[in-house]
Amino acid sequence: MKAALSSIRCAGCGWVPPARQAYPFRCARADHDDVDHVLVRILDTAAARFPGGLEPDPFVRYRSLMHAYHMAMDAGLGDDEYQQLIGALERSVAAVDGRGFGVTPLSRSAVLSDRLGFSPAGGVWVKDETANVSGSHKGRHLMGLLIHLEVAERIGLISAGDRSDLAIASCGNAALAAAVLARAGGRRLRVFVPVDAEAGVVARLRQLGSDVVPCPREPGAAGDPAYLRLREELAAGAVPFTCQGSENGLAIEGGQTIAYEIASQLAGTGLDHIVVQVGGGALASACAAGLREAAELGAIPGEPRLHTVQTTGAHPLERACRRVRALLPAGGAGPVRRADAERALASAARHRSAYMWPWESEPKSIATGILDDETYDWRAVVGGMLTTGGQPLVVSEDRLAEANGLAAMTGIPADPTGSAGLAGLLDLREAGVVAADERAAVLFTGVRRGSDTAPPGPADRG
Ligand SMILES: Cc1ncc(COP(=O)(O)O)c(C=O)c1O
C-alpha cells in the first residue's frame, strides 16, 4: 500500500497541515477572514482501487480508502494490526450500544416504488440506517474520527497521556452517537446543549458518561450559545468530535462509507438519482465525495444526480446554491463541467458570508434534525449538485408527513428527519424530474424514538 494515496488540504485557501500532525482537523487560517475554510481529504483515485472484499464491517472493508489507514501503513503499522485496532474498537462499541458497525441494508422497496408510480425497470432504493450504532448514520462520521485518533496514538504522533478531551455541540443524533463512541474509545466527551434540550436525550448522554453542559443564551449575544461554547472549548484545545466538516474535515470521510456501501451493493448497476436530507450538510458532502470516488474507481457506472432536501422552515443551502449558480455562464439547470463548478465555488468560498449566513428566523419543522441555521458543508454539497445536475429541494411540512407515513409502510421505523429524502423524491416525481423507469435512492437515516410523537421543538443542530 503506497503511503500518499490520500492527502489533506483546505478547500478554501489551500493550506496543508504539517506532516505527522496528530489532529489535522481544521484549517490553521480559519476565523481570520471571510474564506470558507474546510479541510478536505483528497484520495488519489488514479492510484487507489475500490475494495472488492466482503468484510461485514465497513471500516474494515473500505480501510484502504481511508486516510488513517494510509497514515498507519506509512508509519509501518501492519494491515493485521490496523484491523485488530478496529476490531477492538468495535467490541467496545458493541459493549456500549449493543451493536457495532456493519454494512447496512440497501434494497428496492416494492411498496414505495409502486406508490410513487415507478415501472419495474426503475424504483426506489432504500438505505436503512435506523439500526445503525445509536440509531442513525451519525456514528459513521465519528467512528472514522475515533479510528484516526487511535492510529495517531498507536504510531506515536501523540501519547495517550497527552490526549485532548473531545467536544461537540448537539442535542440530537450526533450527540448520542458521539457519546456512544467516546465511551467506547475510553475518551472524555463534553456535550454543549441548549437549556431546553430534551430531558430524555440529556439523561442518556449522562448515562453514557458524557459531561453535558447546558448553555443559556447570554443577553445581547448573537448566535447559538451551545455552538459558541463549543468554539471556546475547541480554542482551549479540545478535539472537535463533531459531524461538521467545517469543525473537523476528517469527519466527512467516515460518512463516506455509506456511499461506498451503496456502490458495492449496486454490484455494477447504476443509480440515476440520490435524494439526501441536509442539516449541517456533512451527510450530503460525504455522499457526494464517496459516490464521486466510487465512480472514478469504476465501482459504479457513473455518479447519480445528487438532490438535497431542506424544509420551508430553513433552506440556507438552497439559497447558497442559487447564488453560486448565478456565477456560472449559463446560469441554468443541468450538470455543470467540474472545472466551471470549481471556479464558481472557489470564488464563492472567498466571500463566504455572501453565500452562507445563519437563517434569519428560528425554523420549525417535524424534521427537527435538519433545521440547522447554516449548512456548514455547503461548498462540497453545492459542488456535488452542480456537477451531477441535481437540485436543492425545499419541501413542505405536508410532504414531510406524507413521506414519513409512506416510510412506515416499508416497516422501517424512520423518524420524519430520517425519511425527509423521500419527501424530496415525491416532489421530484411530481415535477417529472425523476422518470418512472429511473432508479432513485433515499437514505432512511434516523430511527423513530419515543419522543418523536412530541410536537416539534427548536432546532436540534444535528
Ligand atoms: C437522522 C438524520 N438524518 C439526516 C441528518 C442531516 O445530516 P447533516 O447534518 O450531516 O446534513 C441529521 C442531522 O442531524 C439526522 O439526525
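The dialogue below asks how terms applied to this predicted model follow from their definitions.

Tutor: The model is predicted, so local features need pLDDT of at least 70 and side-chain atom pairs count only at pLDDT 80 or more, while totals for chains, interfaces and linings use all residues. Residues are numbered from 1 along each chain as its sequence is written, and side-chain values use heavy atoms, with hydrogens and water left out.

Student: What makes Phe50 and Tyr62 a tilted pair?

Tutor: Rings of Phe, Tyr and Trp (its six-membered ring) pair if their centres lie within 6.5 Å, and planes under 30 degrees apart count as stacked, over 60 as edge-to-face and the rest as tilted. The ring centres of Phe50 and Tyr62 are 5.8 Å apart with the planes at 50°, so the pair is tilted. Phe50 sits in the loop between β2 (39-43) and α1 (58-61), and Tyr62 in the loop between α1 and α2 (67-74); helices (H or I, at least four residues) and strands (E, at least two) are DSSP runs, numbered from the N terminus. Together with Tyr260, these two residues form one aromatic cluster.

Student: Why are Phe50 and Tyr62 called buried?

Tutor: Buried means under 20% relative accessible area, exposed over 50% and partly exposed in between (1.4 Å probe, protein chains only). Phe50 has 13%, so this residue is buried, and Tyr62 has 0%, so this one is buried as well.

Student: How do you know that helix α14 is largely enclosed by the rest of the structure?

Tutor: Nine of the eleven residues of α14 (residues 378-388) are buried, so the helix is largely enclosed. Among the buried ones are Trp378, Arg379, Met385 and Leu386. The buried residues of α14 pack against α11 (282-296), β10, α12, α13 (338-349) and β11, where contact means heavy atoms within 4.5 Å. After α14 comes Gly389, whose phi is positive, near 80°.

Student: What makes a set of residues a nonpolar core, and which residues touch the most other members of the largest one?

Tutor: A nonpolar core is a set of buried Ala, Val, Leu, Ile, Met, Phe, Trp, Tyr and Cys residues joined through side-chain atoms within 4.5 Å. In the largest core, which has 110 residues, Tyr82 and Ile147 touch the most other members. Helix α6 (residues 173-184) gives this core its largest share, ten residues. A second, separate core of 27 residues includes Leu112, Leu116, Leu422 and Leu426.

Student: How do you know that β4 pairs with β12?

Tutor: Two strands pair if DSSP finds at least two bridges between them. Six bridges join β4 (residues 123-128) to β12 (residues 439-444), and the two strands run parallel. Val126 stands opposite Val442 in β12. Both strands belong to an open sheet of six, ordered β3-β4-β12-β9-β10-β11, with mixed pairing. The edge strands of that sheet are β3 (106-109) and β11 (392-395), each of which pairs on one side only.

Student: What about β1 and β2, which pair in the antiparallel sense?

Tutor: Five bridges join β1 and β2, and Ile8 stands opposite Arg41 in β2.

Student: What makes Arg319 a charge over the face of Trp357?

Tutor: A charge sits over a ring if NZ of Lys or CZ of Arg is within 6 Å of the ring centre and within 35 degrees of the ring normal. Arg319 lies over the face of Trp357 at 3.7 Å from the ring centre.
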